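Me: I have a model open here and would like to check its labels against their cut-offs. Let's take them one at a time.
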Amino acid sequence: MSAREYVRLEAFVDDIRTHFPCFSSPEWEGVHYLDNAATTQKPQQVIEAISRSMRRGTAPIHRGLYPLAETATQGYERARKTIAGFIGARSAKEIVFTQSATAAINHVAEGWLKPRLRPGDEICVTRMEHHSNLLPWQRLCRAHGAKLRFIELKEDGRLDFASARLCINPKTRLLALAHVSNVLGTVNPIAELAAMAHEVGAHTLVDATQSVAHLPLDVQNLGCDFLVFSGHKMYGPSGIGVLWGRHALLDDMEPLLLGGGMASTVNEDIAQWRNTPDRFEAGSPNLFGAVGLEAAAAMLMAVRRHALYDRIEQLSEYMLDSLLCMPGLRLHGPASPQQRLGIYSFRLADIHAHDVAAACGEMGVCVRGGNHCCQLLHECLGETGSVRASLGIYNTADDVDALVSALYYTQKHMQ
Ligand SMILES: Cc1ncc(COP(=O)(O)O)c(C=O)c1O
C-alpha cells in the first residue's frame, strides 16, 4: 500500500470513529475496546435507523392495511433485500430473520436435519466450533444414533485437511463449521471444504458469526448451503440474526415456532404454512432489529469500498508482532496475519485468564477471559481458558499499545 493510500485510510478510520457516539462519551475516556468478537459498538447510522423507525410511529408488520403499517412492512422487507445483497443471496426469500446465530443453527438442526437423519449417518464439525455450532448437532446425534465427527487442527491452529478427508465421507449428511474461529481467528477455506462435502452428497452450514463484519461474504463463492450470523457482532443491534439457505432447502425445512403470521389457512386440527421465509418467522417480527441490521450492512458495504479491511490486516500485523514479542505470552492460532482475522487468544505466563482480563479491565482495556464457549478447543490447546483480544473497524494502534502496556503491567504485578 502506498503512503498516500495509507494516509487516506488513516483519515477514514478517524472518520469512522466519529460515527460511533460511544467514543466521544465521557464514560469512554481512556477505554480501549478490544472485545469485538463478543459484541461490537453501534454506529450513528444504526442508532438513527432504529430511532427514526421508532419516532416515525410503530405499526405491525405483515398485518395492517393502513399506510403506516404498509410503511413498516416495506421497511422490514427492504431490510431483507439489503441483507440478501450483502451476502450475495439469489433472492430475498432466502433470508430468514431469526433471534441470533444460535437460533438459526438450532433451526437448521431441528427443522431441516432432524427429519432426515438416520442411524449410522454422520455430522461433521471441526474441533474449533463455538458451542452454538456444536451442542445442537451433539443432541441430534445422540437422539438418532448418528455419529459426530471432528476435523482436527494442526499445531498452528489451521484445519488438518487429511483429517477433513477422513471425516467427510459418504455417510456425512452435514458439514457444519465456522468461517472464522472465535478463539484462534483462523480463516477456514470454506469453498474447498464445501466442495469436498458436496462430492459425497453432504450439505454445508457455515457459521459466519465472526466473519460477517470483517470479510466480504458471498454465499455463491463460498459454495455452502446454509449460512448464519448475528446482528450484534456486525455493528448492528442484538436480538436479530440471519439464516440464509438455498431456497429449495428452506422450502424443505420444518418451522419450529408455530403461531401468528406463519400460517395461510388454519382448520380445527391442521394448518397450512405460508411460503418461505414467512413460515419461519412466527410471531410479531422484529422491525427495529431488521432496520438496524440493514443500516449496519449498508455501513459495512461502504467500508468495503474504502478498503478498510486492508487496514485491519495491517493492524493485525502490528498486534501479532506486539504479542509475539511479549515474554511469557503463548499465542494460540496461526502466526501469519494472512491466515487469521483480528482475533488473538493467549495465555499470559501462569496467570489465570480471568485475572488477566480483570486487571486489563481496570486499566481500561476491554478483553475477554474464559473459554469463549469453546471448551473442546481449549482442551485441545491444553488450556482451560484464554485471554482474547479482538479488533473492530474502529480500533487503532493506540488500542494495541494500551493492551500491550496493560499486559506488561499485569505480568509484573501478578506473577
Ligand atoms: C463463532 C460463533 N458462533 C456462534 C456464536 C453465537 O452467537 P450469538 O450468541 O449471537 O447467537 C458466537 C458468539 O460468540 C460465535 O463467536
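Predicted model: local features only at pLDDT ≥ 70, side-chain atom pairs only at ≥ 80, totals over all residues.

Me: Which residues are around the ligand?
Reply: A residue is listed if one of its heavy atoms lies within 4 Å of the molecule. The list includes Ser100, Ala101, Thr102, His130, Ser132, Asn182 and Asp207. Also on it are Thr209, Gln210, Ser230, His232 and Lys233.

Me: How do you know that β2 and β8 pair?
Reply: Two strands pair if DSSP finds at least two bridges between them. β2 and β8 (residues 241–245) have 4 bridges, in the antiparallel sense, so they pass. Val96 stands opposite Leu243 in β8. The strands themselves are DSSP runs of E, at least two residues long, while helices are runs of H or I of at least four, all numbered from the N terminus.

Me: What is the strand order of the open sheet of 7 strands?
Reply: The order is β2-β8-β7-β6-β5-β3-β4, with mixed pairing. β2 (95–98) and β4 (147–151) are the edge strands, each pairing on one side only. The twist averages 20 degrees from one strand to the next; angles run from 0 to 180 degrees between N-to-C directions, with axes fitted to C-alpha atoms, for helices over the stretch in contact.

Me: Which strands does helix α4 lie across?
Reply: Helix α4 (residues 101–113) lies across β2, β3, β5, β6, β7 and β8, at about 150 degrees to β7. Contact here means heavy atoms within 4.5 Å.

Me: What makes Glu281 and Arg80 a salt bridge?
Reply: Their side chains meet at 2.8 Å, N to O. The rule asks for a side-chain nitrogen of Lys or Arg within 4 Å of a carboxyl oxygen of Asp or Glu, so this pair qualifies. Glu281 lies in the loop between β10 and α10 and Arg80 in helix α3, so the pair ties together parts that are 201 residues apart in sequence. By this rule the count comes to 17 salt bridges.

Me: Where do Asp278 and Arg274 fall, buried or partly exposed?
Reply: Buried means under 20% relative accessible area, exposed over 50%, and partly exposed in between (1.4 Å probe, protein chains only). Asp278 is at 16%, so it counts as buried; Arg274 is at 29%, so it counts as partly exposed. The two form a salt bridge, with their closest N and O atoms 3.1 Å apart. Elsewhere, salt bridges that share partners join Arg330, Arg347, Asp350 and Glu383 into one network.

Me: What makes the phi of His62 and of Ala349 worth a look?
Reply: Most residues other than glycine have a negative phi, and most peptide bonds are trans. His62 has a positive phi of about 60 degrees, and Ala349 one of about 45 degrees. His62 is partly exposed at 29%, whereas Ala349 is buried at 12%.

Me: Which peptide bond is cis, and what is its omega?
Reply: The bond from Thr276 to Pro277 is cis, with omega near 5 degrees. Pro277 is found in the loop between β10 (271–273) and α10 (287–305).

Notes
Residues numbered from 1 in each chain as written. Heavy atoms only, no water.
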